[in-house]
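Thanks for coming. I have one model to go through today, so let me put it on the screen.

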Amino acid sequence: MEYFLSDKEKIVAETAREFAEKYIRPVRAEYDETGEFPWEILKKMGQADLCGIYIPEEYGGLGLGVFGLTLAVEEMSKVCGGITLAMAATALGTFPLLLYGNKEQKEKYLPKIASGNMICAFGLTEANAGSDAGSIATRADKDGDYYILNGTKTWITNGGVADLYTVIAVTDKSKGARGTTAFLVEKGTEGFSFGRKESKMGIRASSTTELVFENCRVHKSQILSREGMGFIVAMNTLCNSRPGVAAQALGIAAGALDEALKFSLERKQFGSPISSFQAIQHMLADMAMEVEAARAILYQTARTIDSKKQKNFSKESAMAKAFCSDVAMRTTINAVQIFGGSGYMKDYPAEKMMRDAKITQIYEGTNQICRNEIALQLIKDAKGKK
Amino acid sequence: MNIVVCIKQVPASTHVKMDPVKHTLIRDKAGATINPCDLHALESALQIRENYGGKVTAITMGPFQAADVLKKAVGMTVDDGILVCGREFAGADTLATSYTLSSAIKKVCPADLIICGKIAVDGDTAQVGPGISKWLGMSLVCNVIKIEKIEDKKIFVKRAVEGGNELVSVSLPAVITVDKSINIPRIESIKGRFRELEFEPKVVNAEDIDCDLTKIGLNGSPTSVAKVFVPERQKAEHELIEGKNAGEKAQKIADFLFESKLII
């Protein structure tokens, strides 16, 4: 399919592809096994300019927006959705700053993020507040020019390894969601520590931990936007970051299709390659159709966001995320099936892709929450037309 | 600090045909790429720039197509690329090549440190780096496997020699040639590739670099190739070992080797 990429967009995709083949493919199984964080690879990503694609040029990035990020995350996730997440989750952690940071905040952090020298994370979820983001309990009590943070965030991607965290905390309980505020909290701030590193089903090269705040004092200059804007910062962050998850999912799906197709040409049964059997052919055809449809919805969503012609794109963003991740799950399950017994073995890449795919249906808004948002927007639009 | 890296375009394939009359490689049909060792030389220079600052210039001698290897170097983020190009340079052997490159470096991009790959895959001579050091009167360290540090206008390197490694320090300016084991070359970065889209190398000819015309190209090349040929395959005698199973066959092979005193 022709997506009419510009020369620069082609270069981003080519670089990401070459990078993944050279530095990620040879070690992906090892990182999956050990669950180590890919420090060395991330450093090299920075060197190849893969960390600042979506960051404006004035802050040392490439200024290629959500679409540029999408292309790179897709290409690298074809090889490993886990290692790629170190960079992709930094994008999630950077969007609050990009969207709501003031000039000083941007100048302080963005160039370091763009060069790959700063890792970011986004802290919204808590034990009792995930999908129900309005129920967060982490408090930020005002004390002169400071706020004192207390509470625990759970399942935070890049937890422990990130240098900078956007943390959503309650500054005025009486106002509900309107009483939350977004803070930039640097690693090393007194009273800020990390819980244990989770052992996960997939994306095992990625670090997931709790963020623990115990009387952690944060200066008011670290507030993003202003007090009371936390929920809006969080929701708009997700609208901008969900294409990144969709890209990761699309990459995993496309990678699984490639592997399954290659295997079906090599594996012989009854004297013929299994690709000659219609049962396998139809599976491959379904996988290819869905991957291409996923790519189309994602690319167009990313381009819509970058065009700035549409103010509200929560529906499109949720559609891309839910669709691509559902495709990733189905495609990787089918890839394991095509691999047969080999697919169940860790010697082959299919089972890892299936494990990695699952998270994309869950994080940054479960696909059920995404569907709620799509429906909500549909209904709003329909009522508006009356 | 000015670092100059000498790079070379070589045939991309190892199956290159020879011109039966001129006794030279037929390069045009093979496709072309950068000499593998030279990627390590570029990476070494870029790492030095990262650690100590400075400017990295890549230089190559060759026809216009050789600008492709300079583009690759630009993609890897070198600051500048110089193409030494002209008919007068054609047919150069290693003596003429090293003279030409040293003249160009002296005139166009004076260097504190010159880094070369230790050997090119097409000629396999490993002479151009040492040649440049001789023409420029600079210190030389070959087969470098690690750059330890640069301090007080000296470079400290580790070189591989037979039976071990040596730590060597030489005063700058100097020429070093690097082995592939020294590092893993980076891929071309995105910003580097963006620059490639618009990059034009600085092209210089014999006049621009003030060189002695009797020392360049075919005129300056004392090497004459008498004959180039592909060695004929020798027909070896062979015998097929028969046996009921692998164990019996292995026993027969072992017996044969003992009897022939090939193993004792």
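Predicted model: local features only at pLDDT ≥ 70, side-chain atom pairs only at ≥ 80, totals over all residues.

Chain B has nine strands in an open sheet, in the order 9-8-7-10-6-1-4-5-11, with mixed pairing. At the edges sit strand 9, residues 164–171, and strand 11 of chain B, each of which pairs on one side only. On average, neighbouring strands of this sheet are turned by 35 degrees against each other, direction ignored.

Now look at strand 5 of chain B, residues 80–84. How many of its five residues are buried? Four of them, and the strand is mostly covered. On one side, strand 5 of chain B pairs with strand 4 of chain B, residues 55–61, in the parallel sense, over five bridges. The chain gets from strand 4 to strand 5 of chain B by way of helix 2, residues 67–75, and this β-α-β crossover is right-handed. For orientation on the screen, B:A58 is opposite B:G81.

Strand 5 of chain B also pairs with strand 11 of chain B, residues 202–204, again in the parallel sense, over three bridges. Here B:I82 stands opposite B:K202, and B:L83 stands opposite B:V203.

Helix 3 of chain B, residues 94–108, lies across strands 1, 4, 5, 6 and 11 of chain B, and runs at about 145 degrees to strand 4 of chain B. Helix 4 of chain B, residues 128–136, lies across strands 1, 6, 7 and 10 of chain B, and runs at about 75 degrees to strand 7 of chain B.

Next, the cysteine. B:C6 lies in strand 1 of chain B. Why does B:C6 count as buried? Because 28 other C-beta atoms lie within 10 Å of B:C6, and the cut-off for buried is 20 or more. Leaving out residues up to four places away in sequence, B:C6 touches B:I59, B:L101, B:I114, B:C116, B:V128 and B:I132. B:Y99 is 93 residues from B:C6 along the chain, and their C-alpha atoms are separated by 13 Å.

In soluble globular proteins, nonpolar side chains tend to be buried together. In this model, the largest nonpolar core has 124 residues, and those touching the most other members are A:L50, A:F183, A:A249, A:L250, A:A253, A:L298 and A:C324. Helix 7 of chain A, residues 230–266, gives the most to this core, with 17 residues.

Then the strands in chain A. Strand 3, residues 146–157, and strand 7, residues 208–219, of chain A run antiparallel and are joined by nine bridges. In that pair, A:Y147 is opposite A:V218. Strand 7 of chain A also pairs with strand 6 of chain A, residues 192–197, in the antiparallel sense, over four bridges. There, A:F192 is opposite A:F213.

Last, where the chains meet. How many residues does each chain bring to the contact? Chain B brings nine and chain A brings 13. On the chain B side, four residues are nonpolar, one is polar and four are charged.

Key: Residues numbered from 1 in each chain as written. Chains lettered and ligands numbered in written order. Buried ≥ 20, exposed ≤ 12 C-beta atoms within 10 Å, placed from the backbone. Helix = DSSP H or I, 4+ residues; strand = E, 2+ residues; numbered from the N terminus. Pairing = 2+ DSSP bridges. Right-handed = clockwise from strand over helix to strand, strands pointing away. Axes fitted to C-alpha atoms, helices over the stretch in contact; angles between N-to-C directions. Contact = placed C-beta atoms within 7 Å. Nonpolar A, V, L, I, M, F, W, Y, C, P; charged D, E, K, R; others polar. Core = buried A, V, L, I, M, F, W, Y, C linked by C-beta atoms within 7 Å.
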